[in-house]
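Hi,

Here is the structure I promised to pass on. Have a look at it first, and then read my notes below.

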Amino acid sequence: MVFKCQEDSFLKEFTSTVVSCQKSEFSASINGKTVNVDGYEIILEDTILFPEGGGQPCDYGFLNDQPVYQVTRKSDKAIHFVKEPFNVGDQVKQKIDWNRRLDHMQQHSGQHLITAVFDRDFKFYTVSWYLGEEVAYLELDTPTVTQEQMDQVENTCNELIRENVAVVVHNLDENTPEEELENFRSVRGLPADHKGAIRVVTIEGIESNMCCGTHVTSLSQLQAVKLLYSEKSKRKDKTLLYFLIGNRVVSRLSQCLKREQKLTGYLKTNPVQHPEFVEKLIQNTKLLNKNLQTVLKDLAVYEAQKLKECKEKYFILHRKEADPTFMNILIKEADRTDIFQFLSVGDEKGAGNIILYGDEKAISDLANKICELLGGKGAGKGCKYQAKVTNLANHKHAEKLIKEYFKQ
């Protein structure tokens, strides 16, 4: 069956009759979370809501005032999933989520175009494709794609868009004249001995391809093609090529411009100079970190000397600017296991790291209690226990616990 949405991809509203309504449970994305919903499966005489297929996700929309959460295909029927029932024979008004439909049309027709140009110009065959919510990709039957090849295909696609090349859908069945069928014997993916109804999407002068999805009627409706980057597929000798079409190009450009404006405000420099300026910042940061590590090492040696001279049964030290390396240097330099050492680094009101070192009995008695106070989890053996913690704001409570322990 050819659905109304396949006959006219630009139809936004349509009235049809309910022919079936059955209770059902289905998965739906509600407020960004996938949940199981008790609802109903609705079958209509015809529909403008596309059921998922051909790599294209389903449409969303409404039946009267009820949201349609999912549309799937069962044999030649489209199943609409809603929360509340309809009566068989009811006339329902379908209304489509047009922004989602247009986006899917642009990405899908754009995929056909990119596929055709890669195949024609480089003999790179498309093995599969994926239409994500933000980015789509092709899987090409080639180990690599060069930047020069991507640039050439992108330029070719955009030139065809400017030429306003027509996109035509042909629905063929047993009643189609033989001379017309002959024009589609070379359709991509069509077996030579195929019989029965088929749907062919043709980009005039470029290619014809079997497809059940919704498409634009002219390449000009794609607006623009942008090939983003390529990477190796998990499958051997295959490459994933990521792309944006139409409104997604405009949206990405808008996001990039907003980020550029923020960076210009932070860096106080021309956008053209951003990469050079950031590179210098990274180099300076690396140098500062190197110098900081040198200072922290010297500080660890200094604190280790105080630990060597310590006459108490315990030694407590926190340095918010230090890291675990600082604590390990201190422990190594002091080389004392006869004193219980509670060392910590990190944000005084947030997360950090601790090391308990020295008195094995004290570590065994106190480690879990200190970790519980500081919201951490750790492990240790013998005279050393290490943990990552999330609440150094309770550091003073841990100090009090240690002091009371040794007072007893």
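**Helix pairs**

Helices α6 and α7 cross in a right-handed way (a crossing is left-handed if the near helix is turned anticlockwise from the far one by less than a right angle, and right-handed if clockwise). Before going further: this is a predicted model, where local features need pLDDT of at least 70 and side-chain atom pairs count only at pLDDT 80 or more, while totals for chains, interfaces and linings use all residues. Residues are numbered from 1 along each chain as its sequence is written, and side-chain values use heavy atoms, with hydrogens and water left out.

Two packed helices are described by the angle between their axes and the distance between the axes. For α6 (residues 274-308) and α7 (residues 324-334), the angle is about 40 degrees and the axes are 8 Å apart. Axes here are lines fitted to C-alpha atoms, for helices over the stretch in contact, and angles run from 0 to 180 degrees between N-to-C directions. That makes α6 and α7 oblique to each other (under 35 degrees counts as roughly parallel, over 145 as roughly antiparallel, 65 to 115 as roughly perpendicular and the rest as oblique). The element names come from DSSP runs, numbered from the N terminus: helices are H or I with at least four residues, strands are E with at least two.

Helix α6 also meets α5 (residues 247-267): their axes come within 11 Å and cross at roughly 50 degrees. So α5 and α6 are oblique too, but their crossing is left-handed.

What about α2 and α3 (residues 147-162)? Their axes come within 10 Å, crossing at roughly 120 degrees, and therefore α2 and α3 are oblique to each other. The crossing of α2 past α3 is right-handed.

**Sheets and a hairpin**

At the β4 end, three bridges link β4 to β3 (residues 61-63) in the antiparallel sense, and Leu-63 has Gln-66 of β4 as its bridge partner.

Another open sheet has five strands in the order β15-β16-β17-β19-β18, and its pairing is mixed. Strands β15 (314-319) and β18 (376-381) are at the edges with a single partner strand each, so one side of each has no neighbour in the sheet. Neighbouring strands here are turned by 10 degrees against each other on average, direction ignored. Six bridges hold β18 and β19 (residues 384-389) in an antiparallel pair, where Ala-379 has Gln-386 in β19 as its bridge partner.

Then look at β13 (residues 225-232) and β14 (residues 239-245), which run antiparallel and are joined by seven bridges. They form a hairpin with six residues between them, and Asp-237 in the turn has a positive phi of about 60 degrees. Ser-230 is opposite Leu-241 of β14.

**The largest pocket**

How much space lies in the largest pocket? About 350 Å³. A pocket is an open set of points on a 1 Å grid over the protein atoms alone, where a 1.4 Å probe fits, with protein on both sides within 12 Å along at least five of seven lines; lining residues have an atom within 4 Å of a point. Its lining has 18 residues, and those closest to the centre are Pro-57, Cys-58, Tyr-60, Arg-100 and Glu-133. The elements giving two or more residues to this lining are β1 (13-30), α2 (98-122) and β8 (126-131).

Cheers

Conventions:
Points joined across faces, edges and corners; volume = space filled by probe spheres on them. Pairing = 2+ DSSP bridges.
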